[in-house]
Amino acid sequence: MTYQSVKGTKDILPEESPRWQAVENLVREVMELFAYREIRTPIFEETAVFVRSIGEDTDIVGKEMYTFTDKGGTSLTLRPEMTAPVIRAYLQHSLGTGGGVQKLYYMGPMFRQERPQAGRLRQFHQYGAECIGSSSPACDAEIIALAAHVYDRLDIPYVLKINSVGNERCRPRYREALRDFLTRVSERLTGESRRRMHTNPLRVLDSKVPEDIEATAEAPRMLDYLCDECREHFEAVRSHLENLDIPARVEPRLVRGLDYYTKTAFEFASPDLGAQDALGGGGRYDRLVEEFGGDSTPAVGFAAGFERLFIALERRGSRFSGHRLSVYLVGLDEPSRRLCLREALTLRRMGVSADCDFQQRSLKSQMREANKRGAAYTVIIGSEERERGVVTVKDMTTGMQETMELSLFRARFTGEDGGAKPRRD
Ligand code: HAM
């Protein structure tokens, strides 16, 4: 009997984890540069946390949640996203006391029972940020700048699409106009869109089915129905983005797959991703805190997928590979291997990553291993070196080989040899 990982889930193997760690570290660094602080919430929540916030008639709530009843009879759901849990925690722990703006970030696994394909998994990983407590369009622009900064640092090209989905004052009028339009073209819509046309017509615009997209090509645009407040907000966000040199394309059909948005909605698309082209997305959600029972508190946020970011990196042929081994020690006989083990520990205690062979392999296969592991240096010790009290050091980048005392080699990592410190990544 052999077992396989569950459909739509993936093991992150040792060869891949350095890339994950490197990107996670980069995300943390960027979040902290923008003065966001990390929040970690449980993997599961009471089901109601997601149903009301994301919206009953969305794909996520309607079809994709991993919901189960625990032995105590409580309905629980593996988190499909983080905005709702963050707002739950924000209220539970009164993080808004004092009235300031809370800038929170997170990263971790999310769960949605979607049809798996490239860039679409059932357990996937997001990082994201929520800025809670300000209605300023500058916050929308800052959140977008933060999301963009991660892609810029990784040299990933993107198209930023933005739209406004209005608020509770102007959206009802738009919803009516859209429903009237959809009624006129209902013959051409899929069954699901025909049903949603009554319950939640904006969702029809989010359909990815070609028939629906064609039938709604001439649908009225939310931007033409915005009230003054929403229009001014949208123009202000665009002007801030211009000021920050972030090009944005207005996409009047962009509604996003979650119901909590008000005013700004945005998405980062990658020209390299194909069908699942959304690298990340977000928007403003000024009503959510109130819907969760808190005081009226405006907020804006975004989330982005790690897996899609890796696909984009690969398509660009990026060599972003994260952590590499600094030193691989090669011992040619038993006493040398003992010395290698001792020296590996000395280097590790100095904070230099080091490893050695545990299989008594030949010089050739140990050198091959050092190469495979991406070691910056290989240190070779045999009986001759031991007799002379030296080691042979090979710089794996240049291929240069030299003989020196171990203490001198160590000094390279502390800068005590007076030279430039070698790479330790
Ligand atoms: P979302 O658009 O549902 O937004 O997800 C954000 C990103 O997560 C997507 O753009 C995509 O990169 C990634 N993603 C979503 N589903 C999958 C999947 N099945 N497999 C792989 N990657 C996936 C949200 O989750 C909102 N909470 C964003 C937000 C935060 N809005 C305001 N604050």
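Predicted model: local features only at pLDDT ≥ 70, side-chain atom pairs only at ≥ 80, totals over all residues.
Let's start at the ligand. In this model, 27 residues surround the ligand, and the closest of them are Glu81, Glu114, Leu121, Glu130 and Tyr261. Sorted by class, that shell has eleven nonpolar, nine polar and seven charged residues.

In Tyr261, an N or O atom of the side chain is 2.6 Å from a nitrogen atom of the ligand. In Glu130, an N or O atom of the side chain is 2.8 Å from a nitrogen atom of the ligand. The backbone takes part too: a polar backbone atom of Gly305 is 3.2 Å from an oxygen atom of the ligand. On its own, the ligand has 670 Å² of accessible area, and the protein covers 96% of that.

Which elements give two or more residues to the shell around the ligand? They are three strands: S6, running over 123-132, S10, over 278-284, and S11, over 299-305. Of these, S10 gives the most, with six residues.

Now let's turn to the helices. Two packed helices are described by the angle between their axes and the distance between the axes.

Take helix H5 (residues 137-154) and helix H10 (residues 228-243) to begin with. Their axes come within 8 Å and cross at roughly 45°. An angle under 35 degrees would count as roughly parallel, and 65 to 115 as roughly perpendicular, so H5 and H10 are oblique to each other. H5 passes H10 in a right-handed crossing.

Next come helix H2 (residues 47-54) and helix H4 (residues 83-92), whose axes come within 9 Å and cross at roughly 115°. H2 and H4 are therefore roughly perpendicular to each other. Here H2 passes H4 in a crossing that is right-handed.

The last stop is helix H13 (residues 334-349) with helix H16 (residues 406-414). Their axes are 11 Å apart, and the two helices pack at an angle of about 25°. Because angles under 35 degrees count as roughly parallel, H13 and H16 are described as roughly parallel to each other. Their crossing is right-handed.

Note on methods. Residues numbered from 1 in each chain as written. Heavy atoms only, no water. Near = heavy atom within 4 Å. Polar contact = N/O pair within 3.5 Å; in protein donor to acceptor, adjacent residues only side chain to side chain. Areas by Shrake-Rupley, 256 points an atom, 1.4 Å probe, with all protein chains shown as cover. Helix = DSSP H or I, 4+ residues; strand = E, 2+ residues; numbered from the N terminus. Nonpolar A, V, L, I, M, F, W, Y, C, P; charged D, E, K, R; others polar. Axes fitted to C-alpha atoms, helices over the stretch in contact; angles between N-to-C directions. Parallel < 35°, antiparallel > 145°, perpendicular 65-115°, else oblique. Left-handed = near helix turned anticlockwise from the far one by under 90°.
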